[in-house]
Amino acid sequence: MTARSSSSGPFPARSVLVRRGTIGDFDAPGPRPPLVPDGILHWAKWGLLPISSIMRVATHEPVISLTYDDGPDPAETPELLDVLAARGVRATFFVLSDRVTAHPGIVRRMLVEGHDVQLHGDDHTDMTTVPAPEAVRRLRRAKAAVEAVTGHRIRSFRPTYGAVNLATFLGVRALGMDVVIWSAWAEDWFDVPAQQIADRAVQALHPGAVVLLHDTNDPVPTPAGPTRPTVSRAEVADRLLDGVSASGFRTLPLSQMLDRYPPVRSLTFRRPRLRNIAALPQRLGSVSRAMNSSTR
Ligand SMILES: [Zn+2]
């Protein structure tokens, strides 16, 4: 196993570049399609790597990374941290700089307890919807604000809604960060029971998975107006971690996983495929509240 820091450039030679389809659906039951070499991508690899995103890592070992977006949230994050501490689990938090500035103590606690803190943006604006110079300005300011609290360099940026375009890539690269999406999710922006969210995440686990979760219950826009999930993020984590251990997986913070295993990268210029609102009633069964079709 070679440490990422020992590689000569920003992209480890062992990076695996695959088509988006090879990653599979984010909620598909594991295992995922094999990481087959692709002729065109292979030859174009070095030209495409700078505009590719990390989706997961390449390994057959039962290791995953739990990643939490949108915090820190004083209403949900501390209890979630209690659960992770009690379980001896270290996760990764993709934080919003406005929230970090408002609640720096929660971020300091994350670091003391061994979690990984990376960047999700400033106030959850979709950076592909603002002019490129503004996006870069916002990212630079957000990164500096988070680093002022963490005291270490931020290496990873997870775009809000997983939305990236060329300008975002250039800005992120110029700021010395890499783009990290995910390969599994729990669709935890729906207001459904904790067990249901946990089950969804557990069935999507696969070796090397990067799992998208949230540590806040902020309102999400829906066709019927903003709706606030009521599920306890701590309870979701408790049940999810039961499932993770029962399935034989172990967790690692993202930066450690990336140090140990080759990153699997893909081109994700569009938003990741999201649930069609029309399909929700069947999908959620008895759950009557239709939620929006986007991640937060
Ligand atoms: Zn988000």
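This note covers an open sheet, a strand pair and a helix pair in a predicted model.

1. The open sheet has three strands in the order 1-11-2, and its pairing is mixed. Strand 1 (16-18) and strand 2 (53-57) are at the edges; each has a single partner strand, so one side of each is left without a neighbour in the sheet. On average, neighbouring strands of this sheet are turned by 35 degrees against each other, with direction ignored.

2. The antiparallel side. Strand 2 and strand 11 (residues 263-266) run antiparallel and are joined by four bridges. Two of the residue pairings can be named. I54 has R265 in strand 11 as its bridge partner, and S53 has S266 in strand 11.

3. The parallel side. Strand 1 and strand 11 run parallel, with three bridges between them. Here V16 is opposite V264 of strand 11.

4. Burial of strand 11. Which residues cover the two faces of strand 11? P263 and R265 lie on one side, V264 and S266 on the other, and all are buried, so that both faces are covered.

5. Strands 4 and 5. Strand 4 (residues 92-96) runs parallel to strand 5, and five bridges join the two. In this pairing T92 stands opposite D116 of strand 5. Is strand 5 (residues 116-121) enclosed or open to the outside? Six of its six residues are buried, so strand 5 is largely enclosed by the rest of the structure. D116 belongs to that buried strand.

6. Helix geometry. Helix 8 (residues 194-203) packs with helix 9 (residues 233-246) at an angle of about 40 degrees, and their axes are 8 Å apart. Helix 8 is therefore oblique to helix 9; an angle under 35 degrees would have counted as roughly parallel. The crossing of helix 8 past helix 9 is right-handed.

7. Helix contact. What does helix 8 bring to its contact with helix 9? The residues from helix 8 are A194, Q195, I197, A198, D199, A201 and V202. Those they meet in helix 9 are E235, V236, R239, L240, G243 and V244. Sorted by class, this contact has eight nonpolar, two polar and three charged residues. The charged class includes D199 of helix 8, and E235 and R239 of helix 9.

Technical notes: Residues numbered from 1 in each chain as written. Predicted model: local features only at pLDDT ≥ 70, side-chain atom pairs only at ≥ 80, totals over all residues. Pairing = 2+ DSSP bridges. Axes fitted to C-alpha atoms, helices over the stretch in contact; angles between N-to-C directions. Buried ≥ 20, exposed ≤ 12 C-beta atoms within 10 Å, placed from the backbone. Parallel < 35°, antiparallel > 145°, perpendicular 65-115°, else oblique. Left-handed = near helix turned anticlockwise from the far one by under 90°. Contact = placed C-beta atoms within 7 Å.
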